[in-house]
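Try each one before you read the solution.

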Amino acid sequence: IHGLIQKLEANGAYYNAFTTVDMTYAVVDSFAADLEPALELVARSLAGASFTPEQIELERQIVARELAE
């Protein structure tokens with residue numbers, strides 16, 4: 001996901017994600033002219049996503065910490 005964030009930011013977009021009790025949100029803030037390439041990049045990244053067990057564990061810990069707050 002860090003490669004995705006770097007690519008989005010290189011195109012002037014902002015990315016953030018957060019978790020609630022029942023949902024995970026991903027936010028992409030982009031200039032209107034850059035919205036289509038930003039969404040395409042996010043869609044391609046999610047469609048072909050693969051994660052190592054270490055990455056999954058790291059994200060699980062982040063989600064658990066956010067839920068505890």
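Helices here are DSSP runs of H or I with at least four residues, strands are runs of E with at least two, and both are numbered from the N terminus. Keep in mind that this is a predicted model.

**Exercise 1. Work out which helices and strands the protein chain has, and in what order they come.**

Step 1: count the elements. The protein chain has three helices and two strands.
Step 2: walk along the sequence. The pattern reads α-β-β-α-α.
Step 3: Along its principal axes, the C-alpha trace spans about 40 × 25 × 20 Å.

**Exercise 2. Find the salt bridge and say where its partners sit.**

Step 1: look for a side-chain nitrogen of Lys or Arg within 4 Å of a carboxyl oxygen of Asp or Glu. The structure holds one such salt bridge.
Step 2: name the pair. E57 and R60 meet through their side chains, at 2.7 Å from N to O.
Step 3: E57 is partly exposed because its relative accessibility is 32%, and R60 is partly exposed because its value is 47%.
Step 4: zoom out to the charges. The protein chain carries 4 positive and 11 negative side chains, and the centres of the two sets are 6 Å apart.

**Exercise 3. Follow F18: which element holds it, and which residues share its surface patch?**

Step 1: locate F18. It lies in strand β1, which covers residues 14-19.
Step 2: classify F18. With 37% relative accessibility, F18 counts as partly exposed, since that label covers the range between buried (under 20%) and exposed (over 50%).
Step 3: look across to helix α3, where you'll find V63. The C-alpha atoms of V63 and F18 are 7.9 Å apart, although 45 residues separate the two along the chain.
Step 4: classify V63. Its relative accessibility is 28%, so V63 is partly exposed too.

**Exercise 4. What share of the residues is buried, and what share of the accessible surface belongs to carbon and sulfur?**

Step 1: take the buried residues. They make up 14% of the 69 residues in the protein chain.
Step 2: take the surface. It comes to about 5,400 Å², with 59% belonging to carbon and sulfur atoms.

Conventions. Residues numbered from 1 in each chain as written. Predicted model: local features only at pLDDT ≥ 70, side-chain atom pairs only at ≥ 80, totals over all residues. Heavy atoms only, no water. Buried < 20%, exposed > 50% of the residue type's maximum accessible area, 1.4 Å probe, protein only. Areas by Shrake-Rupley, 256 points an atom, 1.4 Å probe, with all protein chains shown as cover. Lys, Arg positive; Asp, Glu negative; His and termini not counted. Charge placed at Lys NZ, Arg CZ, Asp CG, Glu CD.
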